[in-house]
Amino acid sequence: MLYSKLVGKTSRDRPRSVRSRGQELLRRGGFIAPLAQGLYSFLPLGYRVVQRITDLVRSEMRALDGQEVLLPVVNPLELWNRSGRESILGRDMIRFRDASSRAMVLAPTHEEAMVELVKSMIGSYRDLPLFLYQFQTKYRNELRPRGGLLRTREFVMNDGYSFHRSFTDLNNFLPKVYAAYERILKSCRVPFLTAEAAVGAMMGDRSFEFLMPFDGGDDTVITCPGCSYAANREVAVGTVAVDSGAPKPTATVHVGDVVSIAEVAAKIGVPTSRLGKTMIYSCEAGIVFAVVRGDQMVSEEKLARVLNVAAVRRADSQELSFLGIDPLVASPLGLPSDLLALDGGIRTVVDTVVAESSNLVFAANEPEVRYVNVNFGRDYDGEIVADISQVGGGARCVDCNTPLVLQRVIELAHVFRLGDYYSRRLRLTLTDSNKRRFNPLMGAYGIGIGRLMAATAEANNDRRGLNWPHHLAPFRVYLAGIGRSPRVARGVEAIHDELADCLLDDRMVSISTKFRDADLIGVPYRVIVARRFEDDGEVEILTRGSTRVIRAHASQIASAIEQIAGSLS
Ligand SMILES: [Zn+2]
C-alpha cells in the first residue's frame with residue numbers, strides 16, 4: 001500500500017470535540033472520521049484494525065464451538081411485543097413502518113430474532129447446547145452520545161447466544177465465554193476488571209461485565225480494596241453509617257423558594273445526608289415514590305427488582321400534572337389521601353438507610369416548607385422498605401468493612417444469564433429424553449468491536465502516538481527510503497513488492513515528517529532504506545517503542561522481523 005494513495009491523512013491538530021488521548025490519536029492518525037454525532041466512518045487504516053480485532057474475537061468464538069450467523073438488523077416489532085421488551089426499550093430503539101406498513105424496529109440486540117431462528121431450525125434436545133454468534137451492526141438511539149468511538153450510536157457488536165438443556169449446562173458454559181473475553185482483552189493489552197452488573201433491559205437474572213478504568217467513562221464500578229468485591233454502581237451493595245438517635249418532635253421550617261437538596265440543606269444548616277429525598281418513577285405497577293437519603297441516588301435496577309417489574313423510568317411531566325404532584329416537594333409525608341386512594345394508588349418504597357435514620361428533614365408536598373425530625377413509622381409509612389440506593393462515597397464493604405472505592409469505567413463486554421425468559425415468552429420448546437416439553441435456558445454475550453478498538457487505542461499509546469499490539473496494527477511494516485538515489489528507490493520498491501502487509505511512505509516530505517507519522521500511526525516495524533543500502537544491501541529495522549536499530553540484508557527483512565517479534569514475545 002502506498003501512503004500517498006491512502007484515504008485518511010495524519011494531522012497535527014487535536015480535533016476540538018475530542019476528550020481523550022486515544023480518540024485524539026485515532027482521529028489524527030486517520031483511522032476514523034466523524035459523520036455526525038455518535039456516527040463514525042472507519043477509514044482504511046481503522047478498518048484494517050477492526051478486521052484484525054474481528055479475527056481475534058472470531059477465533060475465540062470458534063474455539064467455543066460457536067457457529068457464525070448473520071441475522072437481519074431490521075426486526076418485526078411484533079417480536080418485541082411478544083418478548084415484553086417493546087415498552088422497556090422505549091426511545092432507545094428506532095421504530096418505523098416498512099413499505100407494506102408493517103411495524104418494524106432496528107434491533108439493538110437479537111435475543112428475540114435468535115429464538116425465532118432456533119425455533120425454526122432445532123427440534124431436538126440433542127441439538128443442545130448450541131452457541132450462535134454474529135458480527136452485527138447495532139443502532140442505539142442515545143440522546144447524547146459522547147466519548148467518540150467509545151460510545152457511538154451505531155456500532156458493530158459481536159453478540160453471541162447460547163441455548164442449554166439445564167442450568168448446570170448453562171452455568172458451565174458462562175465461565176468459558178468469560179475466559180474467552182479475558183483472553184481477548186489481554187491480547188488487546190487493555191486493562192480491565194470484572195464486576196457484577198445490572199441486567200437492565202436484557203432481562204434474565206444475573207450479569208457480569210468487563211470494564212476498563214477510564215476517567216471519561218459513563219459507568220461507575222464499586223470495588224473493595226480489602227476483598228475481591230466488585231460490582232456496578234447500579235447493583236453494588238455497601239453499608240453506610242446511620243444516625244439513629246431517639247426521635248424528636250417534628251417541627252416546620254420555612255425555606256423560601258430554594259428547592260435543591262444542597263440548597264435546602266445549606267439553608268437549614270445540616271449536611272445533605274440529613275435529608276430525605278423522594279424521586280418519582282413510573283412502571284407497570286403504577287406511580288412509585290422512591291425515598292432515598294439526600295446524599296444518595298436511586299438505583300433503578302434495585303428499585304425494579306424490589307417492585308418485581310421489568311424496568312422503571314422517571315415519571316414524565318404529564319403523569320405528574322395528572323396526579324397534581326409537584327416533584328420539587330414530593331414526599332410520602334403529607335401525601336393527599338385522594339392520591340393514595342387512586343386506582344392502584346401511589347406505591348412508596350423507602351430505602352433501608354432512610355427507614356433506619358432518625359430525625360431527617362423531609363418535604364411534605366407543600367411549597368417553601370420542610371419538616372425536621374421526621375421519622376419512618378411515626379410520621380410516614382412505606383409499602384416496601386428495601387435497599388434501593390446506589391452505593392456512594394463513605395460506604396463500606398458488607399463482607400469486610402473496608403471503605404469501598406468508586407471508579408469511573410467504560411463497559412467493554414457483557415455476559416448475561418438469561419434463563420428461560422425469552423424461550424418461555426417466545427414459546428421455544430423442545431422435548432427432553434423423557435418426552436417432556438421444556439424451554440431451553442439461554443445466555444447472551446456481547447463485545448463491541450469499535451469500542452474495543454477505541455479502548456485498545458486508549459490503553460496503548462505514548463507521547464509520539466499509537467502503539468498497537470503488533471497483531472492488531474493496521475500494517476506490520478512501515479517502509480521508507482532516504483535520499484533520491486535511484487538504487488535506493490529501486491530497493492524500496494523491491495522490498496514493497498516482497499513484503500506482505502507493508503505501508504510504503506512514498507510522499508515527497510522530509511524524513512522527520514515520515515518518522516513522526518509512522519510513530520503516530522503505530523506501525524510496529526519501521527524499515528528504512530538509506531545510503532548504506534547502496535554499499536552492502538543492508539536496511540535498518542526499528543521497532544515501535546524501542547530505540548534499538550537492527551541491521552539486516554534487504555533479502556532477510558521478513559525473517560529478521562520474525563526474530564525481533566520472537567524476542568519481544
Ligand atoms: Zn471487602
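**Notes on the predicted model**

1. Let's start with E301, which has its place in helix α8 (residues 300–307). Keep in mind that this is a predicted model. E301 has a relative accessible area of 11%, and the cut-off for buried is under 20%, so this glutamate counts as buried. Setting aside neighbours within four places in sequence, what does E301 touch? Its contacts are A198, V199, G200, E234 and V235. Note that another glutamate, E234, is on that list.

2. Next, a helix pair. Helix α1 (residues 21–28) packs against helix α13 (residues 449–459), with the axes 7 Å apart and an angle of about 105° between them. Angles of 65 to 115 degrees count as roughly perpendicular, and α1 and α13 are therefore described that way. On the α1 side the contact uses R21, G22, Q23 and L26, while α13 brings M453, A454, A457 and E458. By type, the residues of this contact split into four nonpolar, two polar and two charged.

3. On to the aromatics. The whole structure holds 13 aromatic pairs. One of them is F173 with Y445, an edge-to-face pair with 5.9 Å from centre to centre and 75° between the planes. This pair ties together distant parts of the chain: F173 belongs to helix α6 (residues 167–187) and Y445 to strand β24 (residues 441–448), 272 residues apart.

4. A second pair to look at is F192 with F210, which is tilted, with 6.0 Å between centres and 45° between planes. Here the link spans 18 residues, from F192 in the loop between α6 and β9 (193–196) to F210 in strand β10 (residues 206–213).

5. R48 lies over the face of F475, 3.8 Å from the ring centre. R526 has its charged end over the ring of F515, at 4.3 Å from the centre.

How values were computed. Residues numbered from 1 in each chain as written. Predicted model: local features only at pLDDT ≥ 70, side-chain atom pairs only at ≥ 80, totals over all residues. Heavy atoms only, no water. Axes fitted to C-alpha atoms, helices over the stretch in contact; angles between N-to-C directions. Helix = DSSP H or I, 4+ residues; strand = E, 2+ residues; numbered from the N terminus. Parallel < 35°, antiparallel > 145°, perpendicular 65-115°, else oblique. Contact = heavy atoms within 4.5 Å. Nonpolar A, V, L, I, M, F, W, Y, C, P; charged D, E, K, R; others polar. Buried < 20%, exposed > 50% of the residue type's maximum accessible area, 1.4 Å probe, protein only. Phe/Tyr/Trp six-rings, centres within 6.5 Å; stacked < 30°, edge-to-face > 60°. Lys NZ or Arg CZ within 6 Å of the ring centre and 35° of its normal.
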